[in-house]
Amino acid sequence: MVRLREFRLNRLPVSGRLLCTFFLVCMGIGFVFSQLNVFFTYSRADGIAAFSLQDIVLTYYGQPDVLLVESKLNGTMREHLENEYERNSLIHWAKGGAEKEKSNEVKSIILKNCLLCHTAGGDAAFAPFDKLSTVSDIFTRINNGMSTHRLITLSHIHMISIGVVLALSGIIFLFTPINEKLKMILLIFPFGSLLMDVFSWWLTKRIPVFAITVFIGGVFMVIGFFIQSVISLLTMWTPSEGSD
Ligand code: HEC
């Protein structure tokens with residue numbers, strides 16, 4: 001009878017090893033896609049394709065002296081317009097107070113280029129452009145960064161889903177033969193990074209310099225997961241001495 005403390009992953013039947021392997025591989029691919037998603041969603045926040053700390057600052061802290069729509073049309077929303085003329089028309093209208101009476105031209109631009117996502121069920125349903133009054137409201141907002149409501153939504157989804165993945169990966173990692181102290185550090189590391197990442201979003205909303213810890217937290221979390229996975233997979237598929 002093997003005691004739990006001495007149990008190692010390579011003693012699992014092949015079915016158990018396959019389950020753990022496919023779980024770790026799928027979650028690893030999931031993490032890669034989540035990083036790509038962050039990259040494609042936010043890397044153009046400052047209008048330049050490369051991902052930088054400035055993108056993180058613009059996303060969470062904003063640009064308190066610029067209208068939200070201007071900053072978005074120079075950044076992530078730029079590609080949705082066909083030409084500079086349309087962009088200038090929208091910005092000009094927003095700067096003039098987004099008045100209903102002067103909305104004829106912008107209405108058709110928004111209908112053609114923006115409504116696809118900025119409506120119920122679209123990618124940007126949280127900022128719907130179906131009604132002119134809401135458009136005026138959003139177009140006259142200052143860029144205060146991510147809204148508290150969106151931060152709450154993103155924080156709870158992030159914490160719960162990634163927390164569960166890290167817990168399952170951690171349980172598998174428990175049964176590797178590495179030194180107990182190192183094991184503790186490697187188990188806590190990705191959770192600490194997750195906490196750092198999410199809390200730094202909230203801090204960056206107030207103080208831009210925390211963009212650095214958003215970045216470090218995000219990267220360390222993924223690195224921590226990959227280190228655990230590699231050690232678990234190596235243990236799982238390497239026969240130990242004297243094992244059958
Ligand atoms: C392909 C989908 C898509 C299209 C088309 C699109 N948007 Fe967006 N929009 C988004 C997403 C997703 C976000 C949230 C991410 C972000 O802020 O970059 C967003 C955010 C915004 C915001 C910030 C809203 C807020 O409250 O934070 C503004 C303003 C905006 N878009 C304006 C526009 C305008 C103007 C157009 C048309 C020229 C447009 N968008 C076209 C998907 C889209």
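Predicted model: local features only at pLDDT ≥ 70, side-chain atom pairs only at ≥ 80, totals over all residues.

Residues are numbered from 1 along each chain as its sequence is written.

**Exercise 1.** Find the domains and how far apart their C-alpha centres lie.

*Solution.* Start with the bounds, which come from an automatic or database domain assignment: domain 1 covers 11-45 + 146-237, and domain 2 covers 64-143. Their C-alpha centres are 35 Å apart.

**Exercise 2.** Check the span of α7 and say what its buried residues pack against.

*Solution.* Helices are DSSP runs (H or I, at least four residues) numbered from the N terminus. With 27 residues, α7 reaches 37 Å from first C-alpha to last, close to the expected 39 Å at 1.5 Å a residue (1.5 Å times one less than the number of residues). Next, pick out its buried residues: Ile162, Leu166, Ser169, Ile172 and Phe173. These pack against α1 (14-42), α8 (180-206) and α9 (211-237), with contact taken as C-beta atoms, placed from the backbone, within 7 Å.

**Exercise 3.** Why does Gly163 count as partly exposed?

*Solution.* Gly163 sits in α7 (residues 148-174). Buried takes 20 or more other C-beta atoms within 10 Å, exposed 12 or fewer, and partly exposed is in between, with C-beta atoms placed from the backbone. Gly163 has 14 such neighbours, so it counts as partly exposed.

**Exercise 4.** Which helix gives the most to the shell around the ligand?

*Solution.* Helix α3 (residues 68-74) does, with three residues.

Methods: Helix = DSSP H or I, 4+ residues; strand = E, 2+ residues; numbered from the N terminus. Contact = placed C-beta atoms within 7 Å.
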